[in-house]
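Please look through the backbone of this model with me.

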Amino acid sequence: MPRTRLDRPRRRPGRRASAVAASLLAVSLLAGCGGTAAPSATPADDTIALLLPDAKTARYETFDRPLFEARVAELGDYEVLYANADQDAAKQQQQAESALTAGAGVLVLDPVDANAAVSIVSSANAKGVPVISYDRLVAGGDLAYYISFDNEKVGVLQATAFVEGVGDGDDGRGILMVNGSPTDSNAALFKEGAHSVIDDSGLRVLAEYDTPGWNPEKAQEWVSGQIAQHGDAIAGVYAANDATAGGAIAALRVANVDPLPIVTGQDAELSAIQRLLTGDQYMTVYKAIRPQAELAAEVAVKLLHGEQVTAPLEIEGTPATLLDPVAVTVDDIMDTVVADGFWTVDDICTPAYADACEAAGIG
Ligand code: GAL
């Protein structure tokens, strides 16, 4: 059974020191400085840094952060230093350095750039601070834990539903692939999983794009260009997540493509669930973020106290847990995201969607 042990002496600094640490981080984050001026604090065993990558994808601020913080609060009197890197790897590096300077005793890191983040892990390791690779796997360094979903399976689920929706392309039309960020280690796995299905399906890939920073505007721009080139020959758009799906659908709408081709997604964002209802989007992938965020909080607290952690898997030498993603089409909304309390019927069925909800039997 893989396990990690944090074996270095720790000094409990007390709440005051930790509050100072938290405000130091806040100051350096607000000032946008790299935290070079502040004296290095001894890593504290009551301070956890949560470093998330992206604000354009809804999950991080809506689910990951609040669920993580709530679980930490249940576990005891800990300080969480939070920062979102806005898809900027250099900014994430600064945020990590600031958190370390402020005395974070463990980093929970969802890397913007899997390769660049190796130096964050090295800085943390040099201070004896363990790092949990959260959702995306850092490309190296001594990681204490990795918690994610089965990311290749995400791509397989997307492409399986996609091929079901599009058919085998025997009408001569082809598909577009809007993949995720080229610096995101998960994006490569989504793409690999999707290709494993699409490449055997008979569908022809007209063109493929790795969307910088998962940016929906960039996805929209690229799809617009492809519509100009391929017009009616587009039978479907494989989009790797809901944000890029939103960009792709916006491009199709602007070009008055009617009917809309099949479009995939991921993350079960509220806007995507509503697009499933109106038929604008064909599927999404639901990843239950609660168990992911809560397990990360529990492991972080254990590591803070130098306790051993165990995991069901070992991935690239790191103890790991991979959760199971679930495909969602309009027919599965009640049994998945609603049954799980991820979204309520009230969240989904706002007045603009009342008719669509009724038609789909939601309510
Ligand atoms: C992936 C993550 C997805 C999605 C995407 C955009 O790494 O697994 O859930 O959020 O990044 O940030």
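Q: Is aspartate 267 buried or exposed?
A: Buried means under 20% relative accessible area, exposed over 50%, and partly exposed in between (1.4 Å probe, protein chains only). The relative accessibility of aspartate 267 is 8%, so this residue counts as buried.

Q: What is the phi of aspartate 267?
A: This is a predicted model, in which local features need pLDDT of at least 70, side-chain atom pairs count only at pLDDT 80 or more, and totals for chains, interfaces and linings use all residues. Residues are numbered from 1 along each chain as its sequence is written, and side-chain values use heavy atoms, with hydrogens and water left out. Aspartate 267 lies in the loop between S10 and helix H9 (270–278); helices (H or I, at least four residues) and strands (E, at least two) are DSSP runs, numbered from the N terminus. Phi is positive here, in a residue other than glycine, and is near 110°.

Q: Is asparagine 256 buried or exposed?
A: Asparagine 256 sits in the loop between H8 and S10, and its phi is positive, near 55°. Its relative accessibility is 65%, so asparagine 256 counts as exposed.

Q: Which peptide bond is cis?
A: Most peptide bonds are trans. Proline 259 is in the loop between helix H8 (242–254) and strand S10 (262–263). With omega near 0°, the cis bond runs from aspartate 258 to proline 259.

Q: Which residue just after H5 takes a positive phi?
A: Helix H5 covers residues 151–166. Just after H5, the residue with a positive phi of about 90° is glycine 167.

Note on methods: The expected span of a helix is 1.5 Å times one less than its number of residues.
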